[in-house]
Amino acid sequence: MTETSNPAPRRGVPLWAQITIWVFLVGLLTIVAMGLRRAQQGTVQPGQKIENFTLPLYSGYQIDDKSEIHLQDLRGKVVVINFWASWCKPCEQEAAEMQQAWEQYEPTGDVVFLGVDYVDTEPQARVYLKKFGITYSNGPDLGTSISQYFRIKGVPETYFVDKEGVLQYVQVGPFTSLDQIRAQIDPLLK
Amino acid sequence: MKLTSYKVPLALLLAVTFTLLFSLMASAQGPTPTDDDVNRVAKQLYCPVCESTPLDVCPTEACRQWRDLIRTMLAEGKSEEEIKQYFVTQYGARVLAEPPNRMVSYLVPAAVILLGALLLARGFQMWMKPRVTETTVADEQREAEPVDPYIARLEDELKKQK
């Protein structure tokens with residue numbers, strides 16, 4: 001008499017566990033991919049509506065004695081946002097021209113210049129501002145939150161926002177002349 | 001010029017007084033931090049401009065300014081933690097060599113994904129499970145019925161031939 005025995009059925013990973021694992025992995029990969037995509041993105045692009053941000057201002061560089069400024073409060077004006085730092089040599093190339101441009105547009109009241117001091121120390125920043133006679137509003141980029149929003153790649157970088165709060169032009173690197181700056185502002189005033 | 005007898009002790013008294021005052025002022029400011037003191041804090045920080053380079057060995061102007069600031073703050077009597085907190089406030093948590101415990105920020109999305117996956121798997125499992133239909137009930141009834149003796153014998157013969 002021969003005895004035949006059926007082999008025990010192989011018990012693999014249950015279907016629900018397989019699905020869970022795969023969905024979990026796909027979810028994680030999606031998050032990583034989104035992070036990589038964001039890292040590879042350039043600066044914010046013209047045509048994009050700029051979200052509100054708050055810039056604390058250095059004393060002596062305030063607007064209407066306010067210690068901080070909100071971008072949304074400047075709606076209806078052209079806003080020139082200049083990222084700079086005292087340790088940045090290329091920033092020095094455009095500092096005088098930026099101040100000249102500010103002096104030309106300040107009386108009109110239609111243009112606001114904001115200097116955003118990137119990863120800097122206040123004492124050195126003040127030395128820089130004094131050296132170039134800069135008088136427009138300036139303040140530190142606390143927590144680098146503003147530069148992260150604009151996804152700046154370095155300094156100097158300048159962003160021109162129109163009266164409706166839409167970004168119209170991005171200048172990566174220093175301006176070489178006053179006319180270059182005016183060429184970006186004048187069309188936004190029409 | 002001949003000094004009168006009372007002028008000498010007065011000059012000495014003034015000299016001692018000024019020396020004491022000067023030393024008191026100096027001690028109030030704290031001892032001047034050494035490079036090692038500065039670097040002990042600096043190596044715990046990274047400048048966002050020079051990624052992957054600790055502040056204590058970073059050669060850029062920005063990092064030199066940061067080290068100067070650390071030296072100033074140490075001289076003012078600030079602790080390591082106070083200095084690090086200042087840098088975090090100013091430049092963000094990414095300046096820390098050891099980021100703060102952010103388990104929650106990682107665990108919450110992971111938990112959400114896992115929960116979603118479990119729900120999806122459960123839904124898929126229910127979808128795959130065969131329904132108890134009238135057909136299957138009918139099949140069961142048919143199986144329960146007594147088998148025709150002729151068919152039973154035929155099946156036995158077939159089994160033997162295998």
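Predicted model: local features only at pLDDT ≥ 70, side-chain atom pairs only at ≥ 80, totals over all residues.
Residues are numbered from 1 along each chain as its sequence is written, and chains are lettered from A and ligands numbered from 1 in the order in which they are written.

**View 1**
Chain A has 5 helices and 7 strands, where helices (H or I, at least four residues) and strands (E, at least two) are DSSP runs numbered from the N terminus. Along its sequence, chain A reads α-β-β-β-α-β-α-β-α-β-β-α, while chain B, with 7 helices and 0 strands, reads α-α-α-α-α-α-α. Of the 190 residues in chain A, 31% are buried, and of the 162 residues in chain B, 13% are buried; a residue is buried if 20 or more other C-beta atoms lie within 10 Å of its own, exposed if 12 or fewer, and partly exposed in between, with C-beta atoms placed from the backbone. Two residues are in contact if their C-beta atoms, placed from the backbone, lie within 7 Å. Among contacts in chain A between residues at least 6 apart in sequence, 73% join residues at least 24 apart; in chain B, residues 24 or more positions apart account for 49% of the contacts with a separation of 6 or more.

**View 2**
Strand β4(A), residues 111–117, is mostly covered, with 7 of its 7 residues buried. In a regular strand the side chains alternate between the two faces of the sheet. Both faces of β4(A) are covered, with A:Val111, A:Phe113, A:Gly115 and A:Asp117 buried on one side and A:Val112, A:Leu114 and A:Val116 buried on the other. Strand β3(A), residues 78–84, runs parallel to β4(A) and is joined to it by 7 bridges, strands being paired if DSSP finds at least two bridges between them; here A:Val112 is the bridge partner of A:Val79. Strand β5(A), residues 137–140, is also parallel to β4(A), through 4 bridges, and A:Pro140 of β5(A) stands opposite A:Asp117.

**View 1. Two helical crossovers that share β4(A).**
Helix α2(A), residues 89–105, forms a right-handed β-α-β unit with β3(A) and β4(A), and helix α3(A), residues 122–131, forms a right-handed β-α-β unit with β4(A) and β5(A). A crossover is right-handed if, with the strands pointing away from the viewer, the path from the first strand over the helix to the second runs clockwise.

Leaving aside neighbours within four places in sequence, A:Ala85 is in contact with A:Cys91, A:Asp117, A:Tyr118, A:Val119, A:Asp120, A:Val155 and B:Ala62.

**View 2. The buried side of helix α2 in chain B.**
In α2(B), residues 35–42, the residues B:Val38, B:Val41 and B:Ala42 are buried. They lie on the same side of α2(B) because they cover an arc of only 100° around the axis, the arc being that of the directions from the helix axis to the C-beta atoms. The buried residues of α2(B) pack against α3 and α4 of chain B.

**View 3. Backbone details in the loops of chain A.**
The peptide bond from A:Val155 to A:Pro156 is cis, with omega near 0°, and A:Pro156 is placed in the loop between α4 (145–150) and β6 (157–161) of chain A. A:Asp64, in the loop between β1 (54–56) and β2 (68–70) of chain A, has a positive phi of about 50° although it is not a glycine, and A:Asp64 counts as exposed, with 7 C-beta neighbours inside 10 Å. A:Thr144, in the loop between β5 and α4 of chain A, is a residue other than glycine with a positive phi near 50°, and A:Thr144 counts as partly exposed, with 19 C-beta neighbours inside 10 Å.
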